[in-house]
Amino acid sequence: MKDKLLEKFYEVFGREGEEPGVYFAPGRVNLIGEHTDYNGGHVFPCALTIGTYGVARKRNDSKLRFYSLNFEDKGVIESSIIDLKPEKQADWTNYPKGIIWAFNEKNYTIPYGFDLLLYGNIPNGSGLSSSASVEVLTGFILRDFYKENSIFDNISNEELAIIGQFSENKFNGVNCGIMDQFAIAMGKKDNAIFLDTATLKFEYAPVKLEGMKLVIACSNKKRGLADSKYNERRSECEDALKELQAKKPDLNSLGELTEEEFEELKSFISDPVKAKRAKHAVYENQRTVKAVAALKENDIIEFGRLMNQSHESLSKDYEVTGIELDTLVEEAWKIDGVIGSRMTGAGFGGCTVSIVKDEAVDTFIKNVGEAYEKKIGYAADFYVVEIGDGPKKIIL
């Protein structure tokens, strides 16, 4: 892989200049805890062994040159580190540009431009965080470029996640939580991350899938966070929280409530739709806490049951699934050997994640795939994935 990417880099950008570096940042999947990260709740994501590869070389001027093997028709997209701003014609390069901007905003001044070639084997628009993968990758590259400077060398992977979220919020205008960037930057092989998004306290929890696999089903319905209803859902939760705070002033987030506390307070939310959104945030957070406890007890059946409950809530209370994701999950539930299945990511398209017994994987892919294509009219793609580490530099 790295030899082919280097060869392409030289073909696109030439051989002049210093030796380029080859880097990798994973994608992520969230096992449970959806739309809780911006509500002060818990999430339980893991990094994957699929992700984004980058070949990068520092320049001695202010020019930025970007090329993606996933969008070869767009050719080389040029920009500059001077006067960085999001531009429609910049397309996907707004994500790495946003990271340079965010570094500068955080007083990590980037003095020179660079050439960057990317290749991602995450399905684009799937909900496995291809954009966050690019963000963390870019931050990792910049830290490596300037590691001789003690200020840059002190940037932790956790800080890279925070910078990535800041750039997506403030540069690209997507009001996302911290989960995607955190899971990618802090990934650990064979572990998921139990993260309290209110405090960023986290612990690694081993995911022992003995005799089972994680299977991602990609609906192939594309969705972009910025123009989906993601920001609308976040706003609805914020409105519900404000009404609850009028009754309970010490409440900082929906994630602080138990199910019982919410049931006592929910009548103070005037809009029934916003009450449903808040219910999901509260109950999903508690499901995540229970799911991790079940995993620690090696009770994978209970973990799967909670995954199923999560999807039902995302479909009925949060209304972010749609016919594509509901079909994938409902067909999965029909298969013997499926422990649990749910949508993952922001919704409105994207992917589902399922825990499937080894002997049922082929049947799962065949039956779910056929039923989906028959009902939706086009095919889904399936990926049997493993839990991997965070970003790295690939030694040449």
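Helices are DSSP runs of H or I with at least four residues, numbered from the N terminus. In this predicted model, helix 1 is followed by Gly14, whose phi is positive, near 85°. An α-helix has 3.6 residues a turn, so residues three or four places apart point the same way.

His35 has a phi of about 60° and is located in the loop between strand 1 and strand 2 (42-43). Its relative accessibility is 3%, and His35 therefore counts as buried, the cut-off for burial being under 20%. Asp91 has a positive phi as well, near 55°. The loop that holds Asp91 runs between strand 5 (77-80) and helix 2 (94-105). With a relative accessible area of 32%, Asp91 is partly exposed.

Arg287 belongs to helix 9 (residues 272-296). Although its side chain is charged, Arg287 counts as buried because its relative accessibility is 8%. When residues up to four places away in sequence are not counted, Arg287 touches Ile32, His280, Leu306, Gln309, Ser310 and Ser313. One of these residues, Gln309, is found in helix 10 (residues 300-316). Gln309 has a relative accessibility of 30% and so counts as partly exposed. Its C-alpha atom is separated by 19 Å from that of Asn298, which is 11 residues away along the chain.

Two packed helices are described by the angle between their axes and the distance between the axes. For helix 11 (residues 322-333) and helix 12 (residues 361-376), the angle is about 145° and the axes are 9 Å apart. The crossing of helix 11 and helix 12 is right-handed. On the side of helix 11, the contact is made by Ile323, Glu324, Thr327, Leu328, Glu331 and Ala332. Helix 12 contributes Phe364, Val368, Ala371, Tyr372, Lys375 and Ile376. By residue class, the contact between the two helices comprises eight nonpolar residues, one polar residue and three charged residues.

The structure holds zero disulfides. Cys46 is in no disulfide, and the nearest cysteine sulfur, that of Cys351, is 13 Å away. A disulfide would require the two sulfur atoms to be within 2.5 Å. Cys46 counts as buried because its relative accessibility is 0%. Cys176 is likewise in no disulfide; the nearest cysteine sulfur belongs to Cys237 and is 15 Å away. At 4% relative accessibility, Cys176 also counts as buried.

Conventions: Residues are numbered from 1 along each chain as its sequence is written. This is a predicted model: local features need pLDDT of at least 70, side-chain atom pairs count only at pLDDT 80 or more; totals for chains, interfaces and linings use all residues. Side-chain values use heavy atoms; hydrogens and water are left out. Axes are lines fitted to C-alpha atoms, for helices over the stretch in contact, and angles run from 0 to 180 degrees between N-to-C directions. Helices (H or I, at least four residues) and strands (E, at least two) are DSSP runs, numbered from the N terminus. A crossing is left-handed if the near helix is turned anticlockwise from the far one by less than a right angle, and right-handed if clockwise. Contact means heavy atoms within 4.5 Å. Buried means under 20% relative accessible area, exposed over 50%, partly exposed in between (1.4 Å probe, protein chains only).
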